[in-house]
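Good morning, colleagues. Please take a moment to look at the sequence and the structure on the screen.

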Amino acid sequence: MQLAVLCAVCLLPGSLALPLPPEAGGMSEPQWEQVQSYLKIFYPYDSKTRDANSLRAKLKEMQKFFHLPITGILNSDIIKIIQKPRCGVPDVAEYSLFPNRPKWTSKVVTYRIITYTRDLPRFKVNQLVEKAFAMWSKEIPLQFKKIKTGIADIMIGFARGAHGDGSPFDGPGNILAHAFSPAPRLGGDAHFDEDERWTDGTSIGINFLFAVTHELGHSLGLGHSPDPKAVMYPTYEDRDAKDFKLSQDDIEGIQDLYGKRRD
Ligand SMILES: [Ca+2]
Ligand SMILES: [Zn+2]
Ligand SMILES: [Zn+2]
């Protein structure tokens, strides 16, 4: 089971006056520290050679993912990206699926909304969750069934700070939400940071429909996409709500896992 998360700005205190490495590209020390902590979370070190894990290599990985010139040197394009709120799932390679392709094997997948936000009426949250599920189920032969008690495959809720899954939320901004890939227990569950201001699009804040559609993509087995038009793009983008829909890339990804809906 893999964790997928949404994040904005990751700040670290920094006051040591050591010279910065060439990879810092002349940026300030706080910016360089911010980038290092961002890379640590979203481009985690893997079992490859030490060289593949150097900061330069991780910067290149990030530049490749976001379709920037691959220099391995920090610049303002990267600073712009790390300042956007985003999902907390790492951007490992250009895969649209999690390693080992976890997926639901039953044709009916259950969900339950455990806790609600104070920012939106309950009926609105129910409606937006239903809308998000409908977007995915339109493309694949899966049916989503809401239950009101007991344990569902996909448990959905709002929480702040530490909330019992070892991945605490971080207060307003930065990480907005996270979700787990298909598996028993925590698998499939989607959590939203109650320290964000959630909106249905009629007021200022993070659009819950955009976020829940993205997180449910993880709940169904999709990883991040480097396609900026994809719902599965890792940073939060304020899109036009009127034509918010899955991109061709999202549809290809989900159909790769589950096949096409026939009726
Ligand atoms: Ca947050
Ligand atoms: Zn995500
Ligand atoms: Zn959580």
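This is a predicted model: local features need pLDDT of at least 70, side-chain atom pairs count only at pLDDT 80 or more; totals for chains, interfaces and linings use all residues.

Where is the place of Asn174? Asn174 sits in the loop between β4 (154-159) and β5 (177-180). Asn174 counts as buried, because 24 other C-beta atoms lie within 10 Å, the cut-off being 20 or more.

Arg185 is not a glycine, yet has a positive phi of about 50°. Arg185 belongs to the loop between β5 and β6 (190-193). Is Arg185 buried or exposed? With 11 other C-beta atoms within 10 Å, Arg185 is exposed, since the limit for that class is 12 or fewer.

The largest nonpolar core comprises 46 residues, and Val129, Ala132, Phe208, Ala211 and Val212 have the most contacts inside it. At least two residues of this core come from each of β2 (108-113), α4 (122-137), β4, β5, β6 and α5. Apart from this core lies another, of 11 residues, including Tyr38, Leu39, Leu74 and Ile78.

Let us consider α4 in detail. Which residues of α4 are buried? They are Val125, Leu128, Val129, Ala132, Phe133, Met135 and Trp136. Viewed down the axis of α4, these buried residues fall within an arc of 155°, and therefore line one face of the helix. On the face turned away from that buried side, α4 carries the exposed residues Phe123 and Ala134. The cover over the buried residues of α4 includes β2, β3 (143-146), β4, α5 and α6 (248-258).

Leaving aside neighbours within four places in sequence, Ala132 is in contact with Leu209, Val212, Thr213 and Leu216.

That brings us to α5, residues 208-220, where Phe210 is found. Phe210 counts as buried because it has 21 C-beta neighbours inside 10 Å. With which residues is Phe210 in contact, leaving aside its neighbours within four places in sequence? The partners are Arg239 and Phe244. Phe210 and Lys245 are 35 residues apart along the chain, and their C-alpha atoms are separated by 9.1 Å.

Thank you for your attention.

Terms used
Residues are numbered from 1 along each chain as its sequence is written. Chains are lettered from A and ligands numbered from 1 in the order in which they are written. Helices (H or I, at least four residues) and strands (E, at least two) are DSSP runs, numbered from the N terminus. Two residues are in contact if their C-beta atoms, placed from the backbone, lie within 7 Å. A nonpolar core is a set of buried Ala, Val, Leu, Ile, Met, Phe, Trp, Tyr and Cys residues joined through C-beta atoms within 7 Å. The arc is that of the directions from the helix axis to the C-beta atoms.
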